[in-house]
Amino acid sequence: MSAIPDPLLIDGVALESRLFLGTAGYPSPVALGEAIRASATQVITVGLKRTLQAGDNGALAQALAIGRAQGARLLPNTAGCRSAREAVQLAHMARELYGTAWIKLEVIGDDHTLQPDPFELVAAAAELAREGFVVFPYCTEDLILGRRLLDAGCPLLMPWGAPIGSGQGLLNLHGLRTLRERLPDTVLVIDAGLGAPSQAARALELGFDAVLLNSAVAQAGDPVAMAAAFRDAVDAGRMAWRAGLMAPQAFAVASTPVGGHAFVLGDA
């Protein structure tokens, strides 16, 4: 049994942190490393295409070393891929380079919204699962798509909250609630679109298991302080969900009812 009081279990791995952190767009390698440390994250995502194109892996390696020191695992992603074939090829490169079968699968279908292509996504997920990858699919909140991905062999789903990098938060609460209610035993990680710690807390309050974010921390005025803020927000949201939120009411309900109780009026 895990010693972690409330572990997030993925692929037999028990994670204490429910905040997954991206590594792109930080003002400096130092800021990235300190943000990783402040976030207490245990899953760090890396875009393989970006890493190969940048040609400078020294700073990234230094940041990843900080993450590994606090028990973080690397989650390479196929960001920028437009077809199942391209995503599968990149996933194989990531496994060779980083020595992990974990892959965040992205297959983009629209350049404006960066919405995933559901058909190419399912095809890539099925092939990668057959080849022994642990597939973390970036998807929408569509329930049917989610079921197809689970049937293809994905152990979890990563539905977006809003378009990547938009900071708009949880746009389709009805769809996200439905996904959570209909897939009660599936690990669900909100991926993309979060801009504020309150939005991350809301996701965990709704019963989602974790959040993945990048721009909200990397583009903050103080990325290190923002990473810590998201860390605390995720912890608070999870604690609130476990505690059980009160049911909303359509009318006022006095917190201290006086009906049926004797009380003394003060002097007029």
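Helices (H or I, at least four residues) and strands (E, at least two) are DSSP runs, numbered from the N terminus. This is a predicted model, in which local features need pLDDT of at least 70 and side-chain atom pairs count only at pLDDT 80 or more, while totals for chains, interfaces and linings use all residues. Residues are numbered from 1 along each chain as its sequence is written, and side-chain values use heavy atoms, with hydrogens and water left out.

The protein chain holds 10 helices and 10 strands, and 48% of its 268 residues count as buried, meaning under 20% relative accessible area with a 1.4 Å probe, protein chains only.

Helix 5 covers residues 118–130, and its 13 residues should span 18 Å at 1.5 Å a residue, which agrees with end C-alpha atoms 18 Å apart; the expected span is 1.5 Å times one less than the number of residues. At its start, a side-chain oxygen of Asp 117 comes to within 3.0 Å of the backbone nitrogen of Phe 119, and after the helix comes Gly 132, with a positive phi near 90°. The buried residues of helix 5 are Leu 121, Ala 124, Ala 125, Ala 126 and Leu 128, and they pack against the elements below.

| Element | Residues |
|---|---|
| Helix 4 | 84–98 |
| Strand 6 | 102–105 |
| Strand 7 | 134–139 |
| Helix 6 | 143–151 |

Leu 105 touches (heavy atoms within 4.5 Å) residues including Leu 121, Ala 124, Ala 125 and Leu 128, not counting residues up to four places away in sequence.

Note on methods. Buried means under 20% relative accessible area, exposed over 50%, partly exposed in between (1.4 Å probe, protein chains only). A polar contact is a pair of N or O atoms within 3.5 Å; within protein, one must be able to donate a hydrogen and the other to accept it, and residues adjacent in sequence count only if both atoms are side-chain atoms.
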